[in-house]
Amino acid sequence: MMAPGLLRLRALATAPRQLRRHVRKDSALACHHLALSASASAEFDETCEESFEEEKESSCSSADSHYMALALEQARLGMERGEVPIGAVLVDDATGEVLASAHNETETASDPTAHAEMLCLRRAAAAAGRSGAWRAVGTASLFVTAEPCPMCAGAIMQSRIPRVVYGCRNDRLGADGSYVSLFPPWRGGDGGVDESRAPPHPFHPNVDIERGVSHDECQELLKLFFRRRRVENARAKEQQRQEEDDV
Ligand SMILES: [Zn+2]
């Protein structure tokens, strides 16, 4: 059972969420229209970036920040083990209890599907412990430090997760518009769906996406990891070159 303080934080998260869903999407809608034209790609990037920045400013609540901090702890733990630093926690919406937490384990488990989100969903479903109990994760929110990839977005929809909160964008693999758009279409300021987009996933059309929570911390951790990795790769190449010269 969760401490009363954290339950209060959780309550703080739900009230502004309803409001946020309807006030932030004007510029997002515009960016999807722009995406229909390849010649407008530069303008699309710029408008999406502006939209993401606006959301980053407005979407953060105390509870979201608290759970994102737990996801960041996981990401740092993963980095210490040589993994791309992405962390996730799955939180019961009713009680605020953390049902599962994970960081990427693709290297340590030698498993390309061992992303933090996938591991959270598997662990929570397994912990439920009885046939069909995986549906229990459909009442939980998933906090993840970076925009989910297409594989994880598919798993999130199959799990009926009602709410996803993520930190920074994933420019190369993001499935919330950075590379592809697999979540339900963003809505305009009046709440209307952009009809030019593909229809939402029929099993799970209403997943609520919160973007940009603890954005800078999440992004800086990834940048630090890849910066270090570039330096290490350059050193390894230089060492190999020297060894070849010595032969
Ligand atoms: Zn993934």
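Predicted model: local features only at pLDDT ≥ 70, side-chain atom pairs only at ≥ 80, totals over all residues.
Of the 247 residues of the chain, 38% count as buried.

**Overall layout**

- Read from the N terminus, the elements follow the order α-α-α-α-β-β-α-β-α-β-β-α.
- Among contacts between residues at least 6 apart in sequence, 63% join residues at least 24 apart.

**The sheet**

- The open sheet consists of 5 strands in the order β2-β1-β3-β4-β5, and its pairing is mixed.
- Strands β2 (98–103) and β5 (208–211) stand at the edges with a single partner strand each, so one side of each has no neighbour in the sheet.
- On average, neighbouring strands of this sheet are turned by 15° against each other, with direction ignored.
- As a general point, the strands of a sheet pair through backbone hydrogen bonds, in either a parallel or an antiparallel manner.

**Strand β3 and its partners**

- All 7 of the 7 residues of strand β3 (residues 140–146) are buried, and the strand is therefore largely enclosed by the rest of the structure.
- Strand β1 (residues 87–92) pairs with β3 in the antiparallel sense, over 5 bridges.
- Within that pairing, Val 91 has Ser 141 of β3 as its bridge partner, while Asp 92 stands opposite Ala 140 in β3.
- With strand β4 (residues 163–168), β3 pairs in the parallel sense, also over 5 bridges.
- The bridge partner of Ala 146 in β4 is Cys 168.

**Helices against the sheet**

- Helix α5 (residues 116–128) packs on the sheet and touches β1, β2 and β3.
- The direction of α5 makes about 145° with that of β2.
- Helix α7 (residues 215–246) lies across β3 and β4, and runs at about 60° to β4.

**The contact of α4 with α7**

- Helix α4 (residues 62–80) packs with α7 at an angle of about 5°, and the two axes are 11 Å apart.
- Because of this angle, α4 counts as roughly parallel to α7, the cut-off being under 35 degrees.
- On the side of α4, the residues that meet α7 are Leu 72, Ala 75, Arg 76 and Met 79.
- Their counterparts in α7 are Glu 217, Cys 218, Leu 221 and Phe 225.
- By class, this contact of α4 with α7 comprises 6 nonpolar and 2 charged residues, with no polar ones.

- Leaving aside residues up to four places away in sequence, Ile 156 touches Glu 117, Leu 142, Pro 148, Ile 161, Val 164 and Val 207.
- Val 207 stands 51 residues from Ile 156 along the chain, and their C-alpha atoms are separated by 9.1 Å.

Methods. Residues numbered from 1 in each chain as written. Buried ≥ 20, exposed ≤ 12 C-beta atoms within 10 Å, placed from the backbone. Helix = DSSP H or I, 4+ residues; strand = E, 2+ residues; numbered from the N terminus. Pairing = 2+ DSSP bridges. Axes fitted to C-alpha atoms, helices over the stretch in contact; angles between N-to-C directions. Contact = placed C-beta atoms within 7 Å. Parallel < 35°, antiparallel > 145°, perpendicular 65-115°, else oblique. Nonpolar A, V, L, I, M, F, W, Y, C, P; charged D, E, K, R; others polar.
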